[in-house]
Amino acid sequence: MKSFRLLPLLAMAALAPLSLSAPVQAEMVYKRGSGATPDTLDPTKSELQPAARIIYDLFEGLYTLDAKGQGRRAVAESESVSADGRVYTFTLRADAKWSDGTAVTAADFVYSWRRLADPKHASPYAYFVWPLVNGQAVTTGKMPTDKLGVEAVDARTLKVTLERPTGYFLASLQHVAMAPVQKANIDKFGENFTSPGNLVSNGAYKLVEYLPQSHIKTVKNPYYYDAAKVKIDTVFSYPIDNQDTEFKKFRAGELLVTDTLPNPQINFAKENLPQAYTTGQTYSTYYLSFNLKNEPWKSSPKLRAALNLAVDREVLADKVVGGGEKPAYTFTPPGNVGGYEPPRPDWAAQTQAQRDEMAKKLFAEAGYGPGGKELPEIEILHYTNDNARKVVVAVAAMWRQKLGVKTRLNNQEFRVVANIGNQKSYADIMYYAWIGDYPDANSFLQLFRSDVEQQNLPGYKDPAYDKLLDEANASIDPARRIALMKQAETLALASNSIVPLTHNTRRRLVDPRVKGWTPNPLDFNLSQYLEVAQ
């Protein structure tokens, strides 16, 4: 070791300012499991929650989510609404900027919402602009995009005109689909605008790396208006389909947060990782969808009803999944969100034994079972996920035991399953989940509309349903709106086009060093509100 001697006092005085300077802060790095591989990082095209976790870090609309998962103003500094509830005027923040330092303007929103509405863009969320004047006509190609009811009055003033008052409009603005994208960015790179080095975003973070099958790296955006409050410098998102692998990576210290938790590890985590085990009820529903474009599902409502009734939801929730999962009898989750409590079907009050007897009777009336024809083996499409597989295996066993139904399982990557569902190209039945895009029943009920093509997985169509939902969302009377939505959901549930299974309780591991984590119904914890203790 090299020796040293004391410096003269004068020399020490000269060096004093350096020795007293503040130490360089260590980079704050956050490593999270983000679920399945993102379908895309284009906010107007993505429809999967794992992608949205990353997109919420990259983009902000007029509204975004706060630290508790509630809506807050983002690019919008303020808004005013006309007396008739049809005209919204938003004033944009003067300090809202893109990650290249240029200003976010009202024209950016006009461009982005027209792009969202353009049928050539084929966004699964194009229906988000339907409340706007000419919204539906634009999305169906009957009118050009410049007829959409959105206008840049000046750089900081955005005027939005609706066809009619819409109860959920402001809530929908927090969704990533309504965030702006930069025209110059897309003009330059086309569909490759979301690639690292290309993407210009306006959120708290910007994209720097995307290595397929490895990770997505984002770093703090210095031009973000609230950058001074953002503690985490770098976020690594790891898409991991295998829940056991994710669990092992957390225990090895490679992750600070998991996306979920394997069902068999729930009790272990409770007992051995109590400080990390985190749980919270989410605004979500897991369900099976029948493909109503194909036989025998298209023309046999009794067959669909029989399979629906034969599912023991209590067993699924308590034994197969566990961890606080709730049995589902409705598509919209319970919990009085926005004053809406979904209408349970009458048979939900019966015992499972009574439901099973009804199921057998309806199965026979549909022409199947003893004395009837044999139902051909049916396929259940599900995504690659251990918990999902356990649920569909259990459901298949219930159907076989009670009704003699034979099944085969088709396991595909999550984004592949989503695409197959949107195209209605699955053979018989698919397992899927929906988590509310915003805290309003319309986020669920919209998916049964005849004119929602992609996310209406069963292909359910009923003009009476559409009419009820239209009337509900045009009503400025909250009580009447809720009553009409209940009528609509009752109608959809009676069709047995889906089989609600469970309402999800999200279980995950959160390292105690992660501060600011708040479980919430929409299940988003934006990186900008978190901190990692050093």
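Student: Which residue takes a positive phi in the hairpin of β8 and β9?

Tutor: Good place to start! The model here is predicted, so local features need pLDDT of at least 70 and side-chain atom pairs count only at pLDDT 80 or more, while totals for chains, interfaces and linings use all residues. Residues are numbered from 1 along each chain as its sequence is written, and side-chain values use heavy atoms, with hydrogens and water left out. The hairpin has 3 residues between its strands, and the one with a positive phi, near 65°, is Q213.

Student: How many bridges join β8 to β9?

Tutor: Strands are DSSP runs of E with at least two residues, helices are runs of H or I with at least four, and both are numbered from the N terminus. Two strands pair if DSSP finds at least two bridges between them. Here Y210 has I216 as its bridge partner in β9, and K206 has V219. β8 and β9 (residues 215-220) run antiparallel, and the number of bridges joining them is 6.

Student: What is the strand order in the open sheet of 4 strands?

Tutor: Strands of a sheet pair through backbone hydrogen bonds, either parallel or antiparallel. In this sheet the pairing is mixed, and the order is β1-β10-β9-β8.

Student: Which are its edge strands?

Tutor: Look for strands that pair on one side only. Neighbouring strands of this sheet are turned by 20° against each other on average, direction ignored. The edge strands are β1 (29-35) and β8 (205-211).

Student: Which helix lies across β1, β8, β9 and β10?

Tutor: Axes are lines fitted to C-alpha atoms, for helices over the stretch in contact (heavy atoms within 4.5 Å), and angles run from 0 to 180 degrees between N-to-C directions. The helix covers residues 49-58 and runs at about 145° to β1. Its name is α2.

Student: Is E325 buried or exposed?

Tutor: E325 sits in the loop between α10 (313-321) and β13 (326-327). Buried means under 20% relative accessible area, exposed over 50%, and partly exposed in between, using a 1.4 Å probe and protein chains only. With a relative accessible area of 6%, E325 is buried.

Student: Which side chain makes a polar contact of 3.2 Å with the side chain of E325?

Tutor: A polar contact is a pair of N or O atoms within 3.5 Å; within protein, one must be able to donate a hydrogen and the other to accept it, and residues adjacent in sequence count only if both atoms are side-chain atoms. The side chain of E325 also reaches the backbone nitrogen of T505 at 3.2 Å. Its side-chain partner is T502.

Student: How many aromatic pairs are there?

Tutor: Rings of Phe, Tyr and Trp (its six-membered ring) pair if their centres lie within 6.5 Å; planes under 30 degrees apart count as stacked, over 60 as edge-to-face and the rest as tilted. By this rule the count is 27.

Student: Why is the pair of Y125 and F128 described as edge-to-face?

Tutor: Their ring centres are 5.0 Å apart. Y125 is buried, with a relative accessible area of 2%, and F128 is buried as well, at 4%. The pair is edge-to-face because the planes stand at 80°.
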